[in-house]
Structures are given as structure tokens and as C-alpha cells.
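Here is a short report on a single protein chain. Please read it alongside the sequence and the coordinates.

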Amino acid sequence: MAALGSVGLCLWAPAPALSQGLRAFCTSRGAAAAVRAEQLAEKLRAQKREEQKQEEPKNPVLRRVRELTQLSKQLQRVHPNVLAKALKHGILYQNQELVVIDKPYGLPVHGGPGIQNCITDVLPILAKMLDGMKAEPLHLCHRLDKETTGVMVLARDKDTAHRIQGLFKTRQVEKKYWTISVGLPVPSEGLVDIPIVEKEVQSHQSHYKMTLAPNYRMSPESGKMVKVRPNRDAHSAVTRYRVLASSPSCSLLELQPITGVKHQLRVHLAYGLGCPVLGDHKYAHWNKLAPQKLPENTLKRLGLEQAKVRHLPLHLHAHQLTLPTGTSGDKQLHLVCRPPRFFTNTLKRLKLEIPESLEK
């Protein structure tokens with residue numbers, strides 16, 4: 001029994017040399033497995049880098065368009081805290097009453113179907129980042145479209161928000177936008193005063209658009225202007241414009257909306273002046289939803305084929321706001337925001353130079 005026991009002990013307890021050998025064998029196997037795992041991981045990383053390299057467009061404009069597309073998607077995927085931090089870094093001006101931000105491209109102001117992140121949702125977080133955990137959420141004073149960039153005013157309290165909103169409603173805020181248009185307006189400076197109404201477009205894909213609702217029409221019999229009954233659903237819309245720079249088929253315009261109708265600038269340019277905003281695919285055609293049609297020389301300068309035009313972003317930027325301040329409104333606060341990089345890159349490719357007097 002002792003012999004069997006000793007044999008049994010030998011079976012379950014290897015000799016020191018054998019034990020060391022087993023440990024060395026296991027260690028070497030573990031090390032080899034780790035090496036193979038690391039090699040596999042590196043191989044996968046290399047494949048991913050190669051795929052990204054192959055997918056990366058060679059055309060610099062397409063690369064920038066892809067960056068914009070990815071940015072818009074990232075803005076919907078990031079955590080609200082990250083988005084609030086990004087807005088904080090884009091602050092243009094702040095005092096005890098106001099916080100003025102540089103609104104990014106592709107970020108909606110309000111929520112809706114399919115929208116995960118918007119400016120309204122992160123205002124409480126941004127307020128706490130600026131003024132501490134007990135800070136009242138910031139308030140919107142006005143809005144910009146999802147694809148519009150530039151100056152956006154927020155208020156630190158409700159009373160200030162109501163006061164600033166009142167200034168916007170009574171047209172005491174001077175707003176100036178920069179846009180790149182397809183075509184050159186004639187004359188180079190003027191005023192578009194045509195009411196705007198929303199209508200349903202009957203096509204293979206029914207949709208709604210804002211459009212012009214003129215108070216006058218041309219009489220086919222006499223060839224004279226005839227006043228017509230105003231559309232009761234139409235809104236008065238007035239836009240002042242001037243050309244800052246021009247090149248074949250494209251222009252850099254400064255727009256000053258006197259009124260604030262939905263899509264006013266885009267509609268007045270597209271349907272009033274026949275010079276739509278570059279990248280405005282919604283108002284490119286009245287009877288259908290399709291990418292904007294660009295002239296050949298514009299496509300050449302942008303380095304695009306017509307089939308890729310659908311990727312072009314809307315080139316509309318809120319460049320400047322002027323707010324009356326003080327108890328009697330005798331002082332003014334000028335808020336200026338430079339256009340985003342994709343906008344300035346397009347200017348360079350189209351050889352449109354911002355006048356030195358407007359450079360900030």
C-alpha cells in the first residue's frame with residue numbers, strides 16, 4: 001500500500017526537474033500564443049489601415065466632403081457632454097447676460113425624428129460647464145438651419161432671452177450672412193422684396209417647399225405689370241444683397257435679411273435672383289428633389305463630377321450680428337464669426353477672394 005501510495009504521489013507530484021520543464025513548456029506556449037495574438041492583431045490593424053487608405057478619396061474636395069459627412073454623423077453619435085464641450089470651445093463672446101457660439105455645420109437647433117443630438121438638449125450641460133452645477137440652463141434667442149453655420153446668440157436667463165427675442169421680432173438686430181452662389185446676380189447690389197409662401201410640390205415624391213408669392217404679374221395682353229390679390233398665407237420677405245467677389249459662374253455674396261421668413265435667403269436667391277446657394281439641393285429644382293446642377297467650369301474648379309455634387313454642403317454662413325445694447329439701445333454689440341474651413345476652401349478653389357476690408 002505504501003509502495004502504491006508512493007507511486008501515486010509520484011504520479012500527482014512530478015519531480016522538481018519535470019515540474020520546471022512543464023512550467024517552461026507552458027510559459028513558452030503562452031509566450032508563443034501571445035506573439036501569435038499580437039501578430040494577428042497587427043495584421044488586422046494593417047488591413048484596416050489599408051482599407052481606409054483605399055477608401056480615402058484622392059480628390060481633395062471629395063475628402064473634405066467626406067469629412068463634413070462624417071462630422072455630421074459624429075455630432076449625432078457623440079455623448080452630449082462631448083458636444084457641449086465642443087460648443088464651449090467655439091464660444092465667440094460672453095458676458096453676464098449672453099453666450100455667443102459658433103454653430104457647427106450639420107447640427108440641428110431643435111430635436112425631431114431621427115435626431116439624437118441638438119443644441120437645445122445640451123444647453124443645461126453647457127451652462128454648468130460655464131457657471132457651475134447650479135447654473136440655470138441657457139436659452140435660445142433665435143435659430144439657424146441645421147446646415148447653416150456661424151453666429152448664434154444664447155441667453156443666461158429667461159428675461160434676457162425674451163428681450164433679445166423681442167429685438168429679433170421687431171427687426172432691431174442687423175444680420176449679415178455670407179454665401180457662395182451659383183451665378184452672378186444682376187444688378188450686383190439690390191433689394192429683393194417678394195413675399196414667400198409654403199406650397200406642396202406634386203411629383204413622384206410629394207414634398208413641401210417655400211416659394212415666391214409675388215404681388216404683381218405681367219399681363220400677357222398689355223405687357224404691363226398688374227397687381228394681384230396677395231396670397232393670404234404668404235409672408236412678407238425682404239432681403240438686401242451685394243456681391244463681394246465674383247468669378248465665372250459663381251459669386252461670394254453678403255446677404256442682409258430685413259425679415260425672418262423660413263428659408264428666405266435660399267428662396268430669394270434661387271427663385272428671385274436665379275442664383276441659388278451652392279450646395280442647396282432642396283431649392284435646386286422646383287418640381288423634384290435632386291442634386292444641384294452645376295456649370296462645367298464650376299465642376300472643373302471644384303474637381304467634381306456632376307454625379308458627386310450631391311455631397312456638396314450648403315454654403316450659407318451667419319457672418320455677423322449687431323445687437324442694440326444699453327438701457328436706451330444707444331450702443332451696439334458687433335458679433336463676428338469667420339466662415340468654416342470647408343467654406344474658405346471652396347472660396348480658394350473658385351478663386352473668390354474676401355475683400356481685405358472685411359477680413360477679421
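Is H317 buried or exposed? H317 is buried, at a relative accessible area of 0%. Here buried means under 20% relative accessible area, exposed means over 50%, and partly exposed lies in between (1.4 Å probe, protein chains only).

This is a predicted model, in which local features need pLDDT of at least 70, side-chain atom pairs count only at pLDDT 80 or more, and totals for chains, interfaces and linings use all residues. Residues are numbered from 1 along each chain as its sequence is written, and side-chain values use heavy atoms, with hydrogens and water left out.

**Overview and confidence**

The protein has nine helices and 14 strands. Both are DSSP runs numbered from the N terminus: helices are H or I with at least four residues, strands are E with at least two. Of its 360 residues, 39% count as buried. The accessible surface is about 21,100 Å², and carbon and sulfur atoms hold 54% of it. These areas come from the Shrake-Rupley method with a 1.4 Å probe; for residues, only the protein chains shown count as cover.

Contacts are heavy atoms within 4.5 Å. Among contacts in the protein with a separation of 6 or more, 63% involve residues 24 or more positions apart.

Mean pLDDT, the predictor's confidence in each residue from 0 to 100, is 85 for the protein. A score of at least 70 is reached by 85% of the residues. Strand β12 (residues 250–257) has the highest confidence, at 98. Helix α1 (residues 2–12) has the lowest, at a mean of 40. Over residues 1–13, pLDDT stays under 50, and the model has zero contacts beyond four places in sequence for them.

**Around H317**

H317 sits in strand β13 (residues 316–325). A polar atom of the H317 side chain lies 3.3 Å from the backbone oxygen of R338.

F343 belongs to helix α9 (residues 341–349). The buried residues of α9 are F342, F343, T344, T346 and L347. An α-helix has 3.6 residues a turn, so residues three or four places apart point the same way. After α9 comes K351, with a positive phi near 60°.

**Salt bridges**

How many salt bridges does the structure hold? The structure holds seven. A salt bridge is a side-chain nitrogen of Lys or Arg within 4 Å of a carboxyl oxygen of Asp or Glu. Three of them are listed here.

| Pair | N to O distance |
|---|---|
| R266 and D145 | 3.7 Å |
| E174 and K176 | 3.8 Å |
| E198 and K262 | 3.6 Å |

The side chains of R266 and D145 meet in a salt bridge. This pair links distant parts of the chain, 121 residues apart. R266 is in helix α7 (residues 264–272), while D145 is in the loop between β3 (139–140) and β4 (149–155). R266 counts as buried, at 7% relative accessibility. A network of salt bridges links D145, R266 and D280.

E198 and K262 also form a salt bridge. They too link distant parts of the chain, 64 residues apart: E198 in strand β7 (residues 196–201), K262 in the loop between β12 and α7. E198 counts as partly exposed, at 42% relative accessibility. K262 is partly exposed as well, at 47%.

In the bridge between E174 and K176, E174 is partly exposed at 30%, whereas K176 is buried at 18%.

**Q94 and R156**

Q94 lies in strand β1 (residues 91–94). Q94 counts as partly exposed, at 38% relative accessibility. Beyond four places in sequence, Q94 is in contact with V99, L130 and R156.

What joins the side chains of Q94 and R156? A polar contact of 2.7 Å joins them. Such a contact is a pair of N or O atoms within 3.5 Å; within protein, one must be able to donate a hydrogen and the other to accept it, and residues adjacent in sequence count only if both atoms are side-chain atoms. Q94 and R156 are 62 residues apart in sequence and 9.7 Å apart in space, C-alpha to C-alpha.
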